[in-house]
Amino acid sequence: MGTQRIYQGLPLYWHQDTVENDYRWLESIVRNTAPFSDAWTKARIVQLAYSIPKGVKTQSLYNLPIYGSYTSELAIAEALRSTCNLEEYPDFETQVNEDYVIRALNSWHNKQFAKAVSRNFEVYVDRQYSNSFLVVSTARTSLNVDRELPPLERFRPLFNIAEMGQMIRKEKFRYLTLRTHGYANPAHKFYQEFMAEIESLSQKGPINQIGTLENRSVYIGYTWPSEMPLIHPGLWSDMGEQKGISLKFLFILALIAWIVGTGFYILLTLIGVPFLNLFGMETPLSPLWYWFDFTQISNLFAQWNWVTLTVFALWLLLMQILRISVYQRDRYRAIHYGAPDLAEFFWRLDKVLGENPYTSMPFYEPQKEMAIANYYNQTFPPMSVNLIGHSMGALVVVNVLRILSDRFGKEDRLEYEKNNMGDYLQLNKLILTAPDIPLEFLREGRNNYVRSAILRCNEIYLFCSDRDLILRYMSILGNWFSEPSVEMSGLRLGNIYLKPVKNSINYQPYIRVMMSSQSAVQPTSAYDLFEKFNYIDCSEMPGVNAISLPLNIWTSLIIDVMNTVFFIAKKADVHGGYYFTNTTSFDILKLLITRDGLSRPETLAEINRLIAGKPVLVLPSYEPIQDSSEEDVYHQS
């Protein structure tokens with residue numbers, strides 16, 4: 001035992017003033033953290049050092065009592081080690097010993113425990129496919145709702161990211177693809193989708209056809225806190241838990257509604273009612289001057305109250321509809337939770353890929369420590385990173401690149417820093433599917449961090465559709481009062497489609513407004529950004545579309561109505577169907593993330609082969625023509 005305790009000894013005793021907060025906090029950590037991870041283990045150590053609080057029922061977890069009153073650190077370590085298969089959790093076996101227990105209890109004693117267990121993400125490895133991982137943001141959708149952890153029978157929690165770094169170096173992975181979800185995609189739904197993707201990506205395909213994940217490739221699913229509209233428990237539990245805040249909201253809303261309703265009532269009775277009476281039209285309201293007739297006072301007072309009450313009820317209904325649609329809630333969490341947590345993951349991954357993460361941690365065998373230290377002294381070539389963002393998840397990955405720009409350096413250093421995401425990670429492809437990003441960000445004066453993200457990619461692919469009802473209708477409602485301009489709320493990057501150029505085989509990017517369309521490129525656009533995209537128009541592709549009518553001003557409304565019906569009936573997913581494993585779009589995604597060794601002409605040729613005879617259009621990014629073969633491929637597309 002090399003670590004000295006700074007507390008008196010065991011067992012620990014609760015402080016009467018803080019006992020309820022302390023034990024509830026510990027229980028919350030254990031419920032909402034991956035079992036046998038670093039943070040979970042530290043919380044369990046503190047619990048086992050205490051006796052059961054008064055009034056709390058005796059319970060057990062993994063065949064151990066929640067609170068154990070243990071009298072020695074070694075006993076706690078041995079008890080925890082007995083709860084799992086140590087061969088299955090190698091880092092748990094290596095790290096959790098008497099010294100580890102003392103350090104955890106020291107951090108509890110000196111008020112540093114929050115720092116010791118603070119983790120903004122957790123990492124899981126697929127038990128069936130060792131090159132597939134889950135990264136999960138530890139932020140919750142609501143403080144009153146527990147996190148939905150991945151199914152432990154399928155995903156094994158890693159002790160910390162250092163274990164992931166060790167696995168990547170040991171297996172000599174060279175390619176990393178991370179994909180994240182979008183709006184209204186709760187954790188359990190994403191876990192199911194991700195498992196289906198892993199199965200599809202791991203199936204061996206025909207030779208020289210669509211690739212499969214190679215032994216050198218890592219596939220990572222990242223989930224940030226998102227809610228299902230209307231039915232997610234956090235939408236309703238918050239108001240019940242915070243009755244005082246809810247009442248204050250209702251009071252403020254009622255006060256403003258009373259002021260506005262009174263003004264509206266005065267306008268109606270002073271102008272509206274007399275105007276209608278001139279045309280012989282009867283109204284339930286009386287003119288304003290009737291207030292001077294004291295026999296009418298009670299009737300007029302009732303009319304005034306009904307107007308203000310109606311304004312209050314309509315405002316309350318609107319506010320609640322906006323709340324239960326969860327769009328703004330998800331957008332807030334995507335920007336302020338999802339993006340920073342993912343940026344921290346990449347920063348820490350880059351760190352553990354380049355250093356021995358265990359040099360300051362205890363080991364049972366000095367020989368093992370020396371062997372690992374020697375291994376980390378070997379040269380590790382940078383990994384090629386592909387980022388895939390769907391819908392609001394595109395906003396997450398673009399913001400991640402914005403956050404990491406401090407490591408990249410500023411744009412004036414772009415030429416020599418290029419696509420570095422650190423010392424051991426290099427950005428390769430950025431793949432955006434139905435991105436919920438304003439088109440206006442591709443204009444001069446609006447492109448800010450989107451420009452940095454686009455310019456740092458070797459390749460950027462945009463999967464889009466003019467028939468995405470969620471982006472075209474729901475997004476404008478959710479963003480109408482929050483975006484700086486009306487155009488930002490109404491035109492999203494994911495609604496671009498390819499329109500044939502007259503008397504040519506080429507296409508131009510257009511965007512649909514309502515029934516009409518307009519060119520996506522405007523006089524104020526940063527045209528070089530548009531040229532960086534490889535456009536993949538999936539507007540008529542089955543899966544995201546259910547009606548094969550061509551788009552024009554006469555059919556646009558029919559297309560929207562029919563697709564709405566099929567979307568409600570779950571016969572098509574106009575917003576998320578790109579990831580259906582039987583679609584052409586998923587075949588292209590599969591190609592892009594499994595065939596990193598292909599040159600650009602070879603990649604475009606493979607994409608053209610996949611879309612042959614399919615209702616999918618492709619417009620490649622502009623690249624200087626190097627040879628005749630590349631020119632042929634470019635014009636074929």
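Me: Is C457 buried or exposed?
Reply: This is a predicted model, where local features need pLDDT of at least 70, side-chain atom pairs count only at pLDDT 80 or more, and totals for chains, interfaces and linings use all residues. Residues are numbered from 1 along each chain as its sequence is written, and side-chain values use heavy atoms, leaving out hydrogens and water. Buried means under 20% relative accessible area, exposed over 50%, and partly exposed in between (1.4 Å probe, protein chains only). C457 has a relative accessible area of 4%, so C457 is buried.

Me: Which cysteine sulfur is nearest to that of C464?
Reply: A disulfide is a pair of cysteine sulfur atoms within 2.5 Å, and the structure holds 0 disulfides. C464 is in no disulfide, and at 7.0 Å away the nearest cysteine sulfur is that of C538.

Me: How are helix α3 and helix α5 oriented to each other?
Reply: Helices are DSSP runs (H or I, at least four residues), numbered from the N terminus. For α3 (residues 73-81) and α5 (residues 98-109), the angle is about 110 degrees, with the axes 8 Å apart. Angles under 35 degrees count as roughly parallel, over 145 as roughly antiparallel, 65 to 115 as roughly perpendicular and the rest as oblique, so α3 and α5 are roughly perpendicular.

Me: Which residues of α5 make the contact with α3?
Reply: Contact means heavy atoms within 4.5 Å. From α3 come E73, L74, I76 and A77, and from α5 come E98, V101, I102 and L105.

Conventions: Axes fitted to C-alpha atoms, helices over the stretch in contact; angles between N-to-C directions. Helix = DSSP H or I, 4+ residues; strand = E, 2+ residues; numbered from the N terminus.
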